[in-house]
Amino acid sequence: MACRPRLLRQLTSPIPTVLRSSHRLFSTAAAADPANTTQIYISRSRDPLLNLSVEHHLLRTASAHATVLMLYANAPCVVFGRNQNPWIEADLTRLARQGGVQLVRRRSGGGTVFHDEGNVNFSVACPSAAFDRDRHAEMVVRALRRLGRPSARVNARHDIVVDAGPDTFKVSGSAYKLTRLRSLHHGTCLLRSPNLASISALLRAPAAPFVKARGVDSVRSPVRNLDLDADAFQEAVVREFEDMYGGPPRLRAVVEHDAAMAVDEVRRGYEEMRAREWVYGQTPRFAFATHPTELDPRPRPELPFKERVHFEAKQGVIERFEIEDGNCVQRELSLVGATVYNFGDWSAQLADAGVASQQAQYIGGWLNGVLGTEFTKP
């Protein structure tokens, strides 16, 4: 227990200037009150699972006619979309060796992004009848222009970009969750990320050339920091939100980690999101092949072995696994039903399935690196 206070300090931040005059704690009752037609929440937690769980809870429980703004920053993490494949969205081996970066599957769609405390995330939940993919991105653009970034604009992909001479840089992406009555738009704005130089490498997955996957592919774009203070950015976004919705909100509140975790639905959502079955087991069906196939004819990088490896998996569970040797002799291995993300060592799995020791060592060692077993193993 001695280390707990230090952990909490790492996961919280001071109350932003814009909310210091009304330090009210987040509560379900206040969010659900029909009188609170506009609501603003600023989180002091840096825990991505907590912030995403509160965001989801507000989408589900806020009054049907309410428009809700939430602003938060997270400790370093790679956040990928609900229908994406983690093995092709991030370099999991690099994540393991770098340390301190969490892998998070969110509940909304969209592509993969990197968060750290140099980013501020914004989300707006509103009635679906009033939803527009660009409406609140334009709100953030007006905040950026207020802060001296006149070239900020929303592009055709609904991302926020800035023009710098002949070049255009992405500073914020967008993701959405749409339901019959309520809709959510969220994005992350790059302000002063100290990890900007390493983001590209973290999101360049070595397995990507070998995987054919269902789901959403991320679109890679050049990015840059806006060099803005987080407090100033939050205040500018709040002011634009107030201008859009007729003045000061009916409810202003701060999200504190412990108080939010005391809410049953938030805590259940948090536990669901941290489970390996959610992070990896939610993955749509995919096929892995070391050589071109009829369904995936893309050329592959050169391999350190001559065998051809092919397997198919759904929700992380292997449905078919084959190895073809240099003489075109194909063998189906007894790995059906095994869970990819629970493998501690591919070499041992292949040897147990009947692959010769040296062959299992070469192929398994390579698979460990490409599929990031060092990171995914229990």
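Predicted model: local features only at pLDDT ≥ 70, side-chain atom pairs only at ≥ 80, totals over all residues.
Visitor: Thanks! How should I read that distance, and how many disulfides does a search of the whole structure find?

Guide: The idea is to compare the sulfur-sulfur distance with the cut-off, since a disulfide needs two cysteine sulfur atoms within 2.5 Å. Here, a search of the whole structure finds zero disulfides. Cys126 is in none either, and its nearest cysteine sulfur, in Cys189, is 19 Å away.

Visitor: Is Cys126 buried or exposed? And what about Cys189, buried or exposed?

Guide: For this we look at relative accessible area, where under 20% means buried. Cys126 has 2%, so it is buried. Cys189, at 0%, counts as buried too.

Visitor: Now to helices. At what angle do α6 and α8 pack?

Guide: In general, a pair of packed helices is described by two values, the angle between the axes and the distance between them. For α6 (residues 135-146) and α8 (residues 230-244), the angle is about 125 degrees and the axes are 8 Å apart. That angle makes α6 oblique to α8. The crossing of α6 past α8 is right-handed.

Visitor: Which residues make the contact between α6 and α8?

Guide: On the α6 side they include Arg135, Met139, Val140 and Leu144, and on the α8 side Phe233, Val237, Glu240 and Phe241 are among them. By class, this contact of α6 with α8 has nine nonpolar, one polar and six charged residues.

Visitor: Let me try another pair. How far apart are the axes of α3 and α10?

Guide: The axes of α3 (residues 48-61) and α10 (residues 264-274) are 9 Å apart, at an angle of about 130 degrees. These two helices are therefore oblique to each other, and α3 passes α10 in a right-handed crossing. Their contact includes Leu49, Leu52 and His57 of α3, with Val266, Tyr270 and Met273 among those of α10. Sorted by class, the α3 contact with α10 has seven nonpolar, four polar and three charged residues.

Technical notes:
Residues numbered from 1 in each chain as written. Heavy atoms only, no water. Axes fitted to C-alpha atoms, helices over the stretch in contact; angles between N-to-C directions. Helix = DSSP H or I, 4+ residues; strand = E, 2+ residues; numbered from the N terminus. Parallel < 35°, antiparallel > 145°, perpendicular 65-115°, else oblique. Left-handed = near helix turned anticlockwise from the far one by under 90°. Contact = heavy atoms within 4.5 Å. Nonpolar A, V, L, I, M, F, W, Y, C, P; charged D, E, K, R; others polar. Buried < 20%, exposed > 50% of the residue type's maximum accessible area, 1.4 Å probe, protein only.
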